[in-house]
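The sequence and the structure are shown first, and the findings follow by topic.

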Amino acid sequence: MNNTRQILSKYPADRQKLINVLHEIQDANEYNYITENDMQQLADFFNTTKASIYGVVTYYSMLSTKPRGKNLIRACKSPVCQISGAFSLIDALKKELGIDQVGQTTADKMFTLEYSECLGQCAMAPGILINEDFYGRLDEDKLKGILSYYQNESPSS
Ligand code: FES
């Protein structure tokens, strides 16, 4: 049984569960995304079309149809973070990660950098989310320490 089938076997075929199922499938994927094959299995399971599953996946910014790094960095670019230096922080992030643009994945597949709207932590601006963890009041030095923590985690952890 593949991962997706295993995950689906825990759920009723109730479309209200679709978002939960999608998150679980994405988390179980080594590259943090929903594959074409997943979407077909979901369509069969929920008795709908693959196009409608695709529509849901592409609507939610936390979900992806493209392979991403093991760690997803979401950098806030909303106004409070902007006036607190979000864009120089994002430049520092790109430099540290060795990527040219937001949206790219590092060569070692450890990180993908994406933009985010307000993360609800404006008092701690500028902030980023790495996977589920928020980091705020960031500067370049703090950033290096945080990235090296994730770099040093084993690829399979
Ligand atoms: S504006 Fe960045 S956390 Fe609110």
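The model is predicted: local features need pLDDT of at least 70, side-chain atom pairs count only at pLDDT 80 or more, and totals for chains, interfaces and linings use all residues. Residues are numbered from 1 along each chain as its sequence is written, and side-chain values use heavy atoms, with hydrogens and water left out.

- Helix H3 spans residues 36-45, and Asp38, Met39, Gln41, Leu42 and Ala43 are buried in it; buried means under 20% relative accessible area with a 1.4 Å probe, protein chains only.
- Just after H3, Asn47 adopts a positive phi of about 55°.

**Overall architecture**

- The chain contains seven helices and four strands, taken from DSSP runs (helices H or I, at least four residues; strands E, at least two) and numbered from the N terminus.
- The order of elements from the N terminus on is α-α-α-α-β-α-α-β-β-β-α.
- Along the principal axes, the C-alpha atoms of the chain fill a box of roughly 50 × 30 × 25 Å.
- Of the 157 residues in the chain, 40% are buried.
- Among contacts between residues at least 6 apart in sequence, 59% join residues at least 24 apart.

**Nonpolar cores**

- The largest nonpolar core has 19 residues, and Ile73, Leu93, Leu97, Leu113, Ile128 and Leu143 have the most contacts inside it; such a core is a set of buried Ala, Val, Leu, Ile, Met, Phe, Trp, Tyr and Cys residues joined through side-chain atoms within 4.5 Å.
- Strand E1 (71-76), H6, E2, strand E3 (128-130) and helix H7 (140-151) each supply at least two residues of this core, and the largest share, five residues, comes from H6.
- Apart from this core lies another, of 15 residues, including Tyr11, Ile25, Ala43 and Leu63.
- Leu97 touches Ile73, Thr106, Phe111, Leu113 and Leu147, leaving aside residues up to four places away in sequence.

**Ala86 and the cysteines**

- Ala86 belongs to helix H6 (residues 86-97) and counts as buried because its relative accessibility is 1%.
- Leaving aside residues up to four places away in sequence, Ala86 touches Cys76, Cys81 and Pro126.
- Cys76 counts as buried because its relative accessibility is 4%, and Cys81 because its value is 5%.
- A search of the whole structure finds zero disulfides, a disulfide being a pair of cysteine sulfur atoms within 2.5 Å.

**Cavity and pocket**

- The whole structure has one cavity of 30 Å³ or more; on a 1 Å grid over the protein atoms alone, a cavity is a set of points where a 1.4 Å probe fits but cannot get out, a pocket is an open set with protein on both sides within 12 Å along at least five of seven lines, and lining residues have an atom within 4 Å of a point.
- About 40 Å³ of space lies in the largest cavity, whose lining consists of Cys76, Cys81, Cys118, Leu119, Gly120, Gln121, Cys122, Gly127 and Phe134.
- The second largest pocket has a volume of about 210 Å³, a volume being the space filled by probe spheres set on the grid points, which are joined across faces, edges and corners.
- This second largest pocket is lined by 13 residues, of which Ser64, Lys66, Arg68, Gly103 and Glu114 lie nearest its centre.
- Helix H4 (50-59) and strand E2 (111-116) each supply at least two residues of the lining of the second largest pocket.

Definitions and conventions. Buried < 20%, exposed > 50% of the residue type's maximum accessible area, 1.4 Å probe, protein only. Contact = heavy atoms within 4.5 Å.
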